[in-house]
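The stops below say what to select and what to look for.

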Amino acid sequence: MPKNPTVTQAAIDIPSATLREMYLIMLKIRRFEEKIIELYPAQEMKTPVHLYIGQEAIATGVCVNLAKDDYIFSTHRGHGHYIAKGGDLKLLMAELYGRRTGCSKGKGGSMHLVAPEVGILGTSSIVGGITPLATGVALASVMQGNRRVAVAFLGDGAVDEGTFHESLNFASLKKLPVLFICENNFYATNSPLRARQPADNIAQRAKGYVMPGIRVDGNDVLAVFRVAREAIKRARNGDGPTLIECRTYRWMQHVGPNYDFKLGCRPKEELDGWRKKCPIKRYKKFLLDKNIISESEMTQIADQIDKEIEEAVIFGQNSPFPDKDELFDDVYH
Amino acid sequence: MSWDRAPVDISEIEKVSRLAAEEKREITYRDAVKEALTQVMETDSRVFIIGEGVDDPGGVFGTTLGLHNIFGRNRVMDVALAENGITGVAIGAALAGMRPVMVHMRMDFLPLAMDQIINHASKWQYMFGGKVNVPLTIRAIIGGGWGSAAQHSQSLQALFMHIPGLKVIMPSTPYDAKGLLIASIADENPVIFIEHRWLYDHTGYVPQEVYVIPIGKGVIRREGKDATIVATSYMVFQATIAADSLEKEGIDVEIVDLRSLKPLDENIIFNSVKKTGRLVVADTGWKTGGVGAEISARVTENVFSYLKAPILRVSCPDTPTPASSELEKVFYPTEEDIISAIKEVMRYN
């Protein structure tokens, strides 16, 4: 297990196609979330949005290691994971617009995304709710003998919840192929970690459950990638679960398109410090320094992404709303 | 008189009479539950049992006794005391294609799992536009007595009846227990399957083969013309005793066994009320916001003009369950309470 591998190490262990893919995904997430910020004031996206800006390296570094039929669960802050796992951008945008062409047929909104074709089995806004769901999916993988891995994306808030204890306990006992990715952004809404937990030691708690717990710089996509790769390999080999604490920061307010320092929610200096450690800026520098992607290629990639997002916006805005009698659809199977 | 005689639904009575004549196979309610589990697990490798103590020498009042010897402890899985987490695990397994049967030795332990049941299982399919579903069965055992007191005696079906997306089943006979449990496990939706342990020793005809009873269909246990008792679970048995007693006084009651609370067989209730004009609802839960309250509302909405009397409810009083045996006598509803209620509705002309 490499000790906190850093961006600046030469990435000879990672294929350049993967390095490029990770840049594309991180930028796509960032540009998508920025597009929401741009469109939100028009008040046509009538859904609460919990933006992933600042945390892109985590969804990306983990998901790039997963196969299409591996499973993930995410939370109310799920756009990044949806995009990183390969969810359709058009269906995501349509869902934000509440249209029947949305990934959840307009029934879920921003907080309830699904894409079973790429292993996204759902997202829940009950903090800690998906921790046992991912554990159960991993149990099914073992019962079915299919070597599929399940990933739970959760925040530091979810570590407060009893389900964290119950899920890690069970996953370790049964040696289940599940990764618990704790995106520690040090806040649950506006409540700082130090007001909720007696110590800043999330990764260490795995020891109590007799399973590995690793702390990693969540804004270093290569570090996240390497740690996740190891953990997934272990899981697939039947060696059980891993807790990975990725330390990061949420740039925008808990919910909504704005910053929150003006409201006094979090200190501006804190945000400024983390913005200097922007995961995309850092990775971009690495890619340019190592001549993996050129500046002009980066511009091309950005243009392509912006075009794809624009097409998604048009699709979302022009899609029909659900019919009123669709209200009663899918209560039961 | 065998109180769980075949129902009056013509196709069912003909089939059951024929089979009963051919093969008088009577087993207990608990063995009917166990037989359902065994036969389903033999034929469908997706099904597994998960819950506290499912593999212990008690075998959950005998309902899972010895199953771990047949199917192994990975399919009859004992778990940590983590009801909410384990329910989430079961939901996850169901999402990934398994058919878990989660077992709670007492329904009183379900409140610990309410978040996963209400916020996830019941609405997961709806929230995601029908693209994923949760074929999970949760067996919850009710019953009380012997000083079990407030936390070992609760009948919480009304809470689950309230939640869209759940199905709620309360079988009263061995035949229904097996058929409805198999139907519940086969169902693509989350089902709360509520068994009353005071029924576990009751015997009745149960076919050897695998069969299902449709969820959402009640059954007439006894035809009558003067008043209707709509009853759930153990109250069906008590209604039958009450009916025998009332018959001696010239009052002829009809007994509707709901079998499922959700979906609810409204038509069987409405048709009976149209016939008798008088209704008593007998349920094992508390009075306020209980099953009787919901049924009363639906009856007045739909067949009001047929009512000759107010609708009365037989239930537990609105108190937690007391421990003392003398207090238990005035807490749990009995056939006497049903008889009083029927006599009361008969006073109206």
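Start with chain A. Among its contacts between residues at least 6 apart in sequence, 76% join residues at least 24 apart. Keep in mind throughout that this is a predicted model.

**Stop 1: chain A as a whole**

Along the principal axes, the C-alpha atoms of chain A fill a box of roughly 55 × 50 × 40 Å. Chain A has 333 residues, for which a compact globule would have a radius of gyration near 20 Å; the value for chain A is 19 Å, so the two agree. Of the 333 residues in chain A, 52% are buried.

**Stop 2: two helices of chain A**

Select residues 130–144 of chain A, which form helix H5, and residues 162–173 of chain A, which form helix H7. Their axes come within 8 Å and cross at roughly 15 degrees. Because angles under 35 degrees count as roughly parallel, H5(A) is roughly parallel to H7(A). The crossing of H5(A) past H7(A) is left-handed.

Now show side chains where the two helices meet. On H5(A), pick Thr131(A), Pro132(A), Thr135(A) and Ala138(A). On H7(A), pick Thr163(A), Phe164(A), Glu166(A), Ser167(A), Phe170(A) and Ala171(A). By class, this contact of H5(A) with H7(A) has five nonpolar, four polar and one charged residues.

**Stop 3: where the chains touch**

Bring chain B back into view and select the residues on either side of the contact. Chain A contributes 35 residues and chain B contributes 32 residues. On the chain A side, strand S2 (120–124), H5 and H7 each supply at least two residues. Which element gives the most to the side of chain A that touches chain B? H5(A) does, with eleven residues. Colour this side of chain A by residue class: 15 residues are nonpolar, 15 are polar and five are charged.

**Stop 4: chain B as a whole**

Hide chain A and select chain B. Here there are 13 helices and 14 strands. The box filled by the C-alpha atoms of chain B, taken along the principal axes, is roughly 60 × 45 × 45 Å. For 349 residues, a compact globule would have a radius of gyration near 20 Å; chain B has 20 Å, which agrees. Buried residues account for 56% of the 349 residues in chain B. Of the contacts in chain B with a separation of 6 or more, 81% are between residues 24 or more positions apart.

Notes:
Residues numbered from 1 in each chain as written. Chains lettered and ligands numbered in written order. Predicted model: local features only at pLDDT ≥ 70, side-chain atom pairs only at ≥ 80, totals over all residues. Axes fitted to C-alpha atoms, helices over the stretch in contact; angles between N-to-C directions. Helix = DSSP H or I, 4+ residues; strand = E, 2+ residues; numbered from the N terminus. Parallel < 35°, antiparallel > 145°, perpendicular 65-115°, else oblique. Left-handed = near helix turned anticlockwise from the far one by under 90°. Contact = placed C-beta atoms within 7 Å. Nonpolar A, V, L, I, M, F, W, Y, C, P; charged D, E, K, R; others polar. Rg over C-alpha atoms; globule rule 2.2 N^0.38 Å. Buried ≥ 20, exposed ≤ 12 C-beta atoms within 10 Å, placed from the backbone.
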